[in-house]
Amino acid sequence: MRIRFEAEIYEWAARRNWFFVDVPPEPSADISDQPRMPRGFGAVKVTVSLGGSTWSTSIFPSGEVYVLPLKQAVLRAESVGEGDTVEVSLDVHDG
């Protein structure tokens, strides 16, 4: 499953210097509806593309959406940060 969306980067309130974007509600629901083996914290394996950067990580359920952690190296490489809106492509590997 491939998902493309735009989202605003935000810093996690519980921990400084941890940045995320939210996967919008509709694709989050599509991801959630796919059967998969249970993983810790409800994690779903993905490959992410943002600008010229691509990496593997997991997204995590948070309320009605999934959250995508953004690596510091990617933020620096793409010259983006908190408050910026970015275009993200997710390849969902589970399900």
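Is Ser79 buried or exposed? Ser79 is exposed, at a relative accessible area of 65%. The cut-offs are under 20% for buried, over 50% for exposed and partly exposed in between, with a 1.4 Å probe and protein chains only.

1. Basis. This is a predicted model: local features need pLDDT of at least 70, side-chain atom pairs count only at pLDDT 80 or more, and totals for chains, interfaces and linings use all residues. Residues are numbered from 1 along each chain as its sequence is written, and side-chain values use heavy atoms, leaving out hydrogens and water.

2. Positive phi. Ser79 has a phi near 55°, positive in a residue other than glycine. Ser79 sits in the loop between helix 2 and strand 7. Helices (H or I, at least four residues) and strands (E, at least two) are DSSP runs, numbered from the N terminus. Asn17 is not a glycine either, and its phi is positive at about 65°. Asn17 lies in the loop between strand 2 (10-11) and strand 3. Asn17 is partly exposed, at 46% relative accessibility.

3. Salt bridge. The structure holds one. The term means a side-chain nitrogen of Lys or Arg within 4 Å of a carboxyl oxygen of Asp or Glu. Asp91 pairs with Arg2, and their closest N and O atoms are 2.6 Å apart. The pair links distant parts of the chain: Asp91 is in strand 7 (residues 85-92), Arg2 in strand 1 (residues 2-8), 89 residues apart. Arg2 is exposed, with a relative accessible area of 53%.

4. Core. The largest nonpolar core has 23 residues. Such a core is a set of buried Ala, Val, Leu, Ile, Met, Phe, Trp, Tyr and Cys residues joined through side-chain atoms within 4.5 Å. Val21, Val88 and Leu90 have the most contacts inside this core. Elements giving two or more residues to this core include strand 1, strand 3 (19-22), helix 2 (72-78) and strand 7. Contact means heavy atoms within 4.5 Å. Not counting residues up to four places away in sequence, Val21 touches Phe5, Tyr66, Leu68 and Val88, among others.

5. Ser58. This residue lies in strand 5. Ser58 is buried, with a relative accessible area of 16%.
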